[in-house]
Amino acid sequence: MYLYNVIDMFFNVLEYAILIEVVLSWVYAGRSNQYIEILHKVTNPLLEPGRKIQDKYFGNMMIDFSPIIALVIIMILRKILFTLL
């Protein structure tokens, strides 16, 4: 049961980090500090595959759908992992 809680907390932290990244891109765009850099280091590996997919198939769109893709992937991984446990 303890492992289940730790894994669930890990996935929750990733989801919140992505959501914070999205909100900061709207209200704090173009600015940076050490906390935002840490957030970028955590979220960029999660968002980069979605950005590559979007650039390949929908290169001319102005909206970044990579956070949605990352959240869906996290949701699928969580389901698979908890099913195995």
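**View 1. Buried residues in the predicted model.** Of the 85 residues in the protein, 24% are buried, in a model that is predicted. The exposed surface comes to about 6,600 Å², and carbon and sulfur atoms supply 70% of it. Along the principal axes, the C-alpha atoms fill a box of roughly 45 × 35 × 15 Å.

**View 2. The elements of the protein.** The protein has three helices and zero strands, and from the N terminus on the order is α-α-α. Among contacts with a separation of 6 or more, 60% are between residues 24 or more positions apart.

**View 3. Helix α1 against helix α3.** Helix α1 covers residues 2-27 and helix α3 residues 66-84; their axes come within 10 Å and cross at roughly 175°. Because angles over 145 degrees count as roughly antiparallel, α1 is roughly antiparallel to α3. On the α1 side the contact includes Y4, I7, F11 and L14, and on the α3 side it includes P67, L71, L77 and F82. The residues of this contact divide into 14 nonpolar, one polar and three charged. D8 and E15 in α1 and R78 in α3 are among the residues that meet here.

**View 4. Helix α2 against helix α3.** Helix α2, residues 34-57, packs on α3 at an angle of about 120°, with the axes 8 Å apart. That angle makes α2 oblique to α3. The crossing of α2 and α3 is right-handed. L46, L47, G50, R51 and Q54 in α2 meet S66, P67, I69, A70 and I74 in α3. By class, this contact has six nonpolar, three polar and one charged residues.

Key: Residues are numbered from 1 along each chain as its sequence is written. This is a predicted model: local features need pLDDT of at least 70, side-chain atom pairs count only at pLDDT 80 or more; totals for chains, interfaces and linings use all residues. Side-chain values use heavy atoms; hydrogens and water are left out. Axes are lines fitted to C-alpha atoms, for helices over the stretch in contact, and angles run from 0 to 180 degrees between N-to-C directions. Helices (H or I, at least four residues) and strands (E, at least two) are DSSP runs, numbered from the N terminus. Angles under 35 degrees count as roughly parallel, over 145 as roughly antiparallel, 65 to 115 as roughly perpendicular and the rest as oblique. Contact means heavy atoms within 4.5 Å. Ala, Val, Leu, Ile, Met, Phe, Trp, Tyr, Cys and Pro count as nonpolar, Asp, Glu, Lys and Arg as charged, and the others, Gly among them, as polar. A crossing is left-handed if the near helix is turned anticlockwise from the far one by less than a right angle, and right-handed if clockwise. Buried means under 20% relative accessible area, exposed over 50%, partly exposed in between (1.4 Å probe, protein chains only). Accessible areas come from the Shrake-Rupley method with a 1.4 Å probe; for residues, only the protein chains shown count as cover.
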